[in-house]
Amino acid sequence: MNQQFFEKVLPTQGNICVVGIKGEIVRPKFFDNIPAAITQMELLDQDDYNTFFALGTFEGMKRRADACIFMRSFFVDLDCGENKPYPTWEDGLIALMQFTTEKELPPPIIVNSGRGIHAYWPFTEEVPATTWKPYAEKFKQFCLDAGLHIDESVTADAARILRVPGTTNYKKKYTTPRPVRIVQEGSVFNFADFSKVIYEHVEEVFTPKPAPAQIEGTR
């Protein structure tokens, strides 16, 4: 499993949430380091679970937006397939590439989720969730205004889970399980510089603050 991917998109402070879903069974677990989280992801995948991870980290052991303390990326989910905004995966990829080119955005990490597309723009620094939220809302609107058909429930959700690259999509309607894989590595970007592109009318530019003292329930 690609540890470098998780080191790019996950904050270093707070608890990491890994979720396994198989039918009606939902198994969330929390970890205070990436290697332990990856071990759980691999175990779930070996046991034929659909395996997900949360993009934010949490104080305590509850995956809720109001318990999220740090974020480290912007992200979008594009649905592809029959009766979806993009009829094929290739159509979704073309739309994403046109969007990034026309809006002069840096190339994202792109993941084939087995049917759709997950794209990540990771930051060089982790950002408090309360700071990230208004920028993420603006990024969502930025995508929609540009005509990119994203899942609107995903992009500004601090408690969102997405499929783990390197695992398998076992969704029932697929006759054959499909791999979840990274198809473009992308880069890491300064949060303030990236945010200026999408939030030009914000007067106060984000300035990273020193890491806070250790919070109870986090490492």
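**Exercise 1.** Find the salt-bridge partner of Arg-160 in this predicted model, and say how exposed that partner is.

*Solution.* 
- Step 1. Arg-160 pairs with Asp-157; their closest N and O atoms are 3.3 Å apart.
- Step 2. Check the cut-off: a salt bridge needs the nitrogen within 4 Å of the carboxyl oxygen. The 3.3 Å pair qualifies.
- Step 3. Asp-157 has a relative accessible area of 22%. Buried means under 20%, so Asp-157 counts as partly exposed.

**Exercise 2.** Which residue does Lys-133 bridge to, and where do the two residues lie?

*Solution.* 
- Step 1. The partner is Glu-137, with 3.0 Å between the closest N and O atoms.
- Step 2. Both residues belong to helix α4, residues 129-145. They sit 4 residues apart, about one turn of the helix.
- Step 3. Look at accessibility. Lys-133 is partly exposed at 35%. Glu-137 is partly exposed too, at 31%.

**Exercise 3.** Which parts of the chain does the salt bridge between Lys-22 and Asp-47 tie together?

*Solution.* 
- Step 1. Take the distance: the side chains meet at 3.9 Å, N to O. That is within the 4 Å limit.
- Step 2. Place each residue. Lys-22 is in strand β1 (16-22), and Asp-47 is in the loop between α2 (34-46) and β3 (50-54).
- Step 3. The bridge therefore links parts 25 residues apart in sequence.
- Step 4. Both ends are partly exposed: Lys-22 at 31%, Asp-47 at 39%.

**Exercise 4.** How many salt bridges does the whole structure hold?

*Solution.* The search finds 5. Among them are Arg-160 with Asp-157 and Lys-22 with Asp-47.

Methods
Residues numbered from 1 in each chain as written. Predicted model: local features only at pLDDT ≥ 70, side-chain atom pairs only at ≥ 80, totals over all residues. Heavy atoms only, no water. Buried < 20%, exposed > 50% of the residue type's maximum accessible area, 1.4 Å probe, protein only.
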